[in-house]
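This briefing covers the secondary structure and packing of one protein chain. The sequence and structure come first, and the notes follow by topic.

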Amino acid sequence: MEGWFSLQLTIEGIAPEGALLRFQRENIPVAHVEKPDKRTLRLCIERKNREKAFTILRDSCYNITAERSFGVRRLASALARRAGFFLGAAAFVLLCALSDLFVLRIDVDGTGAYYRDRVLSVLRENGVRVGCMYRGSRTAEITAQILSFEGVVFCSVEKAGSVLTVEVQTSSGVPPAAAGGLYAAQAGVVQSLTVLRGEAQVQEGDEVKKGQLLVGGKEGGFVMASARILCRFEGFFAAESEETALAQALLFVQAAGETELLSQSAVPQQGGYAVTAEYLLTVRKNMD
């Protein structure tokens, strides 16, 4: 008997082996016969013979106490019950693969990291920004423009995963005097503020808006400062599972810059999940 689409029956009664004889007389093939105790018999029949088997035993001293799918049908049922999990896992893998095609974070490293704002400006002029697909076709032009900055002796632009790293090396680690300030990249509450040069425009505990000036230069002079801002993200994701929704929200958090995730939660809603996340965002000006 082929066991691909079988049904497993549990038969109870006195001398349950008699059920085998009845099935044999009625030409009902059986397989996978087990006898866990003297009053119980467990066997498999083809699903097409289900009604016939029940009719044979209906007026007998035997009692069918359980039935369940067996073989491939049982596997298919188990997979169907876990369809959401598998779809969520597949979506997460696909999301990770697609995220590698995009720029979700930009790092500026090296002794010339104080040129970060100008580097980001060059990248934007060449069509490279957070959230865009990176093809690398203008890498030579970007490198040439950054090498034209005062004191820059080396520049490289490399992408690993979803992170684009621009390394800038200068002949001296001392940045040229330049105007500019430190701004909040996202709205939130200032948790810490470090000012080596410049004038603080906010204090720890202040609530700030996106783009708000945190530290300005004295009379438009040089600023060297950093701040950590407690931010909150809220969004809705049409995801099949909570894990997929949280993973998608994490990509948005990481795209904000240098972040540290503090907490995440997801609430199921019609068509997806509402996700809330709290994280610390670090912003810097002329500080490694």
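Strand S6 and strand S7 (residues 163–170) run antiparallel and are joined by eight bridges. The model is predicted. It contains seven helices and 15 strands. Of the 288 residues in the protein, 37% are buried. Among contacts between residues at least 6 apart in sequence, 65% join residues at least 24 apart.

- Val-157 has Val-166 of S7 standing opposite.
- The open sheet that holds this pair has three strands in the order S5-S7-S6, and its pairing is mixed.
- Strand S5 (105–109) and strand S6 (152–160) are the edge strands; each has a single partner strand, so one side of each lacks a neighbour in the sheet.
- On average, neighbouring strands of this sheet are turned by 15° against each other, with direction ignored.
- Helix H5 (residues 116–125) lies across S5 and S7 and runs at about 135° to S5.
- Helix H6 (residues 139–147) also packs on the sheet, where H6 touches S6 and S7; the direction of H6 makes about 150° with that of S6.

**Five-stranded sheet**

- Five strands form an open sheet in the order S11-S9-S13-S15-S14, and the pairing is antiparallel.
- The edges are strand S11 (207–208) and strand S14 (258–269); each has a single partner strand, so one side of each is without a neighbour in the sheet.
- Helix H7 (residues 242–255) packs on this sheet and touches S13, S14 and strand S15 (272–285). The direction of H7 makes about 145° with that of S14.
- Strands of a sheet pair through backbone hydrogen bonds, in either the parallel or the antiparallel sense.

- S9 and S11 are paired in the antiparallel sense over two bridges. The bridge partner of Gly-188 in S11 is Val-208.
- Strand S9 (residues 188–197) and strand S13 (residues 224–237) run antiparallel and are joined by seven bridges.
- Two positions illustrate the pairing with S13: Leu-193 has Ala-227 as its bridge partner, and Val-190 stands opposite Ile-229.
- S14 and S15 are antiparallel, with eleven bridges between them. Pro-268 has Tyr-273 of S15 as its bridge partner.
- S14 and S15 form a hairpin with two residues between them. In the turn, Gly-271 has a positive phi of about 90°.

**Phe-237**

- Phe-237 is a residue of strand S13. With a relative accessible area of 8%, Phe-237 is buried, because that value lies under 20%.
- Leaving out residues up to four places away in sequence, Phe-237 touches Ala-245, Gln-248, Ala-249, Phe-252, Gly-271, Gly-272, Tyr-273 and Val-275.
- The C-alpha atoms of Phe-237 and Val-275 are 7.5 Å apart in space, while the two residues are 38 residues apart in sequence.

**Leu-281**

- Leu-281 is a residue of strand S15. Its relative accessibility is 1%, so Leu-281 counts as buried.
- Leu-281 and Val-190 are 91 residues apart along the chain, and their C-alpha atoms are separated by 9.5 Å.

**Helix pair H1 and H2**

- Two packed helices are described by the angle between their axes and the distance between the axes.
- The axes of helix H1 (residues 18–25) and helix H2 (residues 50–58) cross at roughly 125° and come within 11 Å. H1 is therefore oblique to H2.
- The crossing in which H1 passes H2 is right-handed.
- H1 contributes Ala-19, Arg-22 and Phe-23 to the contact, and H2 contributes Ala-53, Ile-56 and Leu-57.
- By residue class, the contact of H1 with H2 has five nonpolar residues, no polar and one charged.

Terms used
Residues are numbered from 1 along each chain as its sequence is written. This is a predicted model: local features need pLDDT of at least 70, side-chain atom pairs count only at pLDDT 80 or more; totals for chains, interfaces and linings use all residues. Side-chain values use heavy atoms; hydrogens and water are left out. Axes are lines fitted to C-alpha atoms, for helices over the stretch in contact, and angles run from 0 to 180 degrees between N-to-C directions. Helices (H or I, at least four residues) and strands (E, at least two) are DSSP runs, numbered from the N terminus. Angles under 35 degrees count as roughly parallel, over 145 as roughly antiparallel, 65 to 115 as roughly perpendicular and the rest as oblique. A crossing is left-handed if the near helix is turned anticlockwise from the far one by less than a right angle, and right-handed if clockwise. Contact means heavy atoms within 4.5 Å. Ala, Val, Leu, Ile, Met, Phe, Trp, Tyr, Cys and Pro count as nonpolar, Asp, Glu, Lys and Arg as charged, and the others, Gly among them, as polar. Two strands pair if DSSP finds at least two bridges between them. Buried means under 20% relative accessible area, exposed over 50%, partly exposed in between (1.4 Å probe, protein chains only).
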